[in-house]
Amino acid sequence: MTELLEVRDLKIEAPQKDGSAIPIVKGVSFNVKAGEVVALIGESGSGKTTISLGALGYTKPGLEFSGGEICLHGDDILSMENNDLRNLRGQRVAYLAQSAAATFNPAITIGEQVTESAVLHGVMTQAEATVRATELYHALELPDPELLGKRYPHQVSGGQLQRLMAAMALVGRPDLLVLDEPTTALDVTTQIEVLKAFKKVIKEEGSAAIYVTHDLAVVAQIADHIVVLYSGEVQEQGSVDQIINNPKHPYTKRLMAAAHAGPKPGMGDKLSGEHDKDVANIEVKDMTAGYGDIVDGKPAITVLRDINMSVKNAHVVGVIGESGCGKSTLARVIAGLLPAAQGEVILDGNVLKGSYKRRSKQDLQKVQFVYQMADTALNPKQLIGDILGRPVEMFQNLKGKAKREKVAELLQMVELPLEFENRYPAELSGGQKQRVNLARSLAALPEIMLCDEVTSALDSIVGSNVVKLLKRLRDLTGVSFMFITHDLSTVAAFADEIVVLYAGRIVEQGPVDEVLTPPFHPYTRLLISSVPEMRIGWLEETMKKREMAVGIARGVEITAVGCPFYNRCPIAIDGTCNIQTPPTHEPSAGHMISCHHTVEEILEIENSPQQVLHGFEKAAPDDETSATAH
Amino acid sequence: MTDATANTEENSIYDELPDAPPKKKITLTWVGKLGVSVVLFWLVMVFIGPYIAPFHEADIMAYDSFMPILSTTEGEGFHLLGTDYIERDIFSRILWGARTTIGIAFTATLMAYVVGVTLGIAAAVSGGWLDVALSRANDSIISLPSIMLGLLAVNAFGSSIPTLIFTAGAIYAASVFRIARALGQDIMVMDFVEAARARGEGLWWVITREVLPNAAMPLATDFGLRLVFVVLFISSLSFLGLGIQPPMADWGSMVRQNLDGLGYGSYAAVWPALAIATFTISINLIVDDISASSGGSLAKKMI
């Protein structure tokens, strides 16, 4: 194999007004061979995206190349003029951004957008490009390839859109693909579907790729060669086998430690029992909620149906499910931000009013909602000291010096230095902002904190530090948590109980170790199988599993009758599962599974993994076109 | 980088990356300082202009109209910026005019802002019937040509300086209302506003602490522009004989009255125009500089 791209001693810096420059990339060298996938891995701020954009001869505004060279087939990209660069981009090197939803223009058909760049660059005519695009739709296993080009972006699911972006990049047969975190924002099940398609198409096309990510488990599936970056410098590089199985550099080892081991029972720590009063802190009874006007107890769009759950004092309940399953809505109902259509929310034995506007000050104090995005949850024009001081003033009735002391105490609690009280949120990093976000809720001295995906937007290392902090806060204050996430591994390590939500209904709930050991609800089984493991060959192995065939190929369908998981379930019973609401079994105390199969049947299926079961014949993923509910 | 997390890990050099810049104070660059000094200069002129001007605003010189700059009239004196279409000293009239233009236009714009922003943000924050009522009332004001409304008001209440201020303020409050409401609605859907309301904050807190500080920069930028419109509006009324009554000097009217002079090679219209420009541009310079140094979102996006 020949060297396709050579990056030698690349330096990129940010020039400052006073003539000095802040180095961003400090002399990075690596090669990409033809047909090889090279992964750039590191935390945010490690310069991985900056380096990958360099392969297109591009820097973000405010940065400039200050040394080294990037050669594609021996041509130095950095010395190219605008015209050559224009020919390079989109034709020889193609870029795939993180968010497909933001990449596609909603007003233009998919086919037009996929073929646009190849036609503009004169690589092929519109007719050739359309034929080529259709080939790629086939290769990427997209539904209805012949007619897909005539659709609009909103008519396909998120995972399909992500795959279409790959088609867009590949249509002009580029030498090199640059993929920037293409699966990071996706649910585990969608991530598998996209990864599988990417891997297949890269292999078939024989194109080389630079894959930028912070997720080692994903890298293990798709890369041939790994470059580990920290703060603009290469820490270690080598074959995927060497890095994954035998990391040498301490930073790589630390990354591996922060990367999730798959969700297993027994990962969590046992409760100290110190704060445990074994009474339900929050209880949700027969709750149905949704959006739009409520008529006869039914909202225009029902998001949650018949929810029964509780959070015990000083316990952590993890709520897990794919995007759109109603996890956030559940927290919003409890916080009173969205009044429920039916059912009630009970706090310490008292029924809470539906809307926060009608709740008493004590009730507002006891239930605190923590937003996912600290960027929008903190007022950019208020100092950290004021952001934390206000709830202290309101709920603890402290003023002046006492209030300032309390703020200092809060900052210490979330492990931030005291001088941050004089900073604005924009002057903090993402992880620091999330800590302030948590501290603001703590300032109210709550009984329960509803954490909505608080670690999802953070890097693995920063995110695991936040989870460590949450554990400490629980032990320190005895506050209960409802921890909403789509990351099963985080929940396995942090929660005491798990609630698995699917399409607005609870399909399984119980103590964390019970939920993570068989019997599983078929959906829980799918989720567990979908969490990438840091093992080469895992993707191929898992795709052979029974639950993957239907579970990955199809999307969520929201139904009012029958089992919500019916259309993706490998063991669904036709004529029963799609008509009757499944009964609830209790295999052990507190562990509930809603399924038409009995616990014994589920266990038996678990133990005979390759047996083709009744209902599995309908597995052929031919009706994927209906799967637009992502 | 935090102390507490640093000591728990073996490799503490690899802690959370400190991508946060150190704390900054609002410091003005020379551009901002220039803006401040020009605005201060004109504000001082509002009070002392008439006393230091070499002539009275109504003094008519004995010689020619449209005299060039730096000319001298015998027995009367030196005309730094020449004379206007009826032989008045332009330099003196600009100094006198600061009082009317900045006094009236600035006060009217300020009034438009106080009324427009208060109502606009109130409409955005409370929503519901208040929003509907205010927005429809606003639509009806905005649908009438402003000069017609001005004529109507002056005819009804008589031409006086308070009437002018009130009329211009009321008319321009309508357009400020629209901007303030749109900004307010954008901010109202942010999570931090919801967090404040869910904490039990009242309407006053939400408006003054959560919404207004975040709308302040765009509103301040618009202020300079709006001021120019008000100056032009008052000069239009003056042209029709309904605004500032001659011989009172006013920059907008001075530009309009001396436009003919351009045909004769006179700069008489340029000087009052420059006076308007220096004042409004300086206001915008200050606003831009503050927003850049306080790390405003606009400045951030440009980096």
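Modeller: Before we start, two residues are in contact if their C-beta atoms, placed from the backbone, lie within 7 Å. Axes are lines fitted to C-alpha atoms, for helices over the stretch in contact, and angles run from 0 to 180 degrees between N-to-C directions.

Colleague: Fine. What kind of model is this?

Modeller: A predicted one, where local features need pLDDT of at least 70, side-chain atom pairs count only at pLDDT 80 or more, and totals for chains, interfaces and linings use all residues. Residues are numbered from 1 along each chain as its sequence is written, and chains are lettered from A and ligands numbered from 1 in the order in which they are written.

Colleague: How many helices and strands does chain A have?

Modeller: There are 24 helices and 22 strands in chain A; helices (H or I, at least four residues) and strands (E, at least two) are DSSP runs, numbered from the N terminus.

Colleague: And how much of chain A is buried?

Modeller: Of its 630 residues, 52% count as buried. Buried means 20 or more other C-beta atoms within 10 Å of the residue's own, exposed means 12 or fewer, and partly exposed is in between, with C-beta atoms placed from the backbone.

Colleague: On to the sheet. What is the strand order in the open sheet of 8 strands?

Modeller: In chain A the order runs 16-17-18-13-19-20-22-21, with mixed pairing; two strands pair if DSSP finds at least two bridges between them. Strand 16 (367–370) and strand 21 (584–588) are the edges, each pairing on one side only. From one strand to the next, the twist averages 20 degrees.

Colleague: How do strands 20 and 22 of chain A pair?

Modeller: They are antiparallel, over 2 bridges, with strand 22 covering residues 591–594. A:Gln509 sits opposite A:Met592 of strand 22.

Colleague: Which strands does helix 12 of chain A lie across?

Modeller: Helix 12 (residues 327–335) lies across strand 13 (316–320), strand 16, strand 17 (448–452), strand 18 (480–485) and strand 19, and runs at about 150 degrees to strand 17.

Colleague: Switching to backbone angles: what is phi at A:Ala503?

Modeller: Positive, about 45 degrees, although A:Ala503 is not a glycine. Most residues other than glycine have a negative phi.

Colleague: Is A:Ala503 buried or exposed?

Modeller: A:Ala503 is buried, with 24 other C-beta atoms within 10 Å. It lies in the loop between strand 19 (497–502) and strand 20 (505–511).

Colleague: What about A:Asn397?

Modeller: A:Asn397 also has a positive phi, near 50 degrees, but it is exposed, with 9 other C-beta atoms within 10 Å. The loop holding A:Asn397 is between helix 15 (384–396) and helix 16 (400–413).
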